[in-house]
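Visitor: I would like to learn how to read a structure like this one. Could you walk me through it?

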Amino acid sequence: MDVPYDLTSYVRVLKMATTPTTEEFLQVSKIAGAGILLIGLVGFLIGAIMLLLTGGGI
């Protein structure tokens, strides 16, 4: 492991990186939010199905 080489490659990547535009940020945020909601919905549906199949609840 060549530490100076690794550090220079990291610095080069950081220099090339740019901050996203507002449009890019909003698009990524919407996609991430939709993914979180989808995973939550799938978990809720699985939980509801398991509750109905086992006869749990009140």
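This is a predicted model: local features need pLDDT of at least 70, side-chain atom pairs count only at pLDDT 80 or more; totals for chains, interfaces and linings use all residues.

Visitor: How many helices and strands does the protein chain have?

Guide: Helices (H or I, at least four residues) and strands (E, at least two) are DSSP runs, numbered from the N terminus. Here the protein chain has 2 helices and 0 strands.

Visitor: What should helix α2 span, and what does the model show?

Guide: The expected span is 1.5 Å times one less than the number of residues. For the 33 residues of α2 (residues 22-54) that gives 48 Å, and the end C-alpha atoms are 48 Å apart, which agrees. Gly55 follows α2, with a positive phi near 75 degrees.

Visitor: Is Ile46 buried or exposed?

Guide: Buried means under 20% relative accessible area, exposed over 50%, and partly exposed in between (1.4 Å probe, protein chains only). Ile46 lies in helix α2 and counts as exposed because its relative accessibility is 51%. Of the 58 residues of the protein chain, 2% count as buried.

Visitor: And where is Thr18?

Guide: Thr18 sits in the loop between α1 (3-16) and α2. Its 71% relative accessibility is why Thr18 counts as exposed. Thr18 and Leu38 are 20 residues apart along the chain, and their C-alpha atoms are separated by 30 Å.

Visitor: What does the C-alpha trace of the protein chain span?

Guide: Along its principal axes, the trace spans about 65 × 35 × 15 Å.

How values were computed:
Residues are numbered from 1 along each chain as its sequence is written. Side-chain values use heavy atoms; hydrogens and water are left out.
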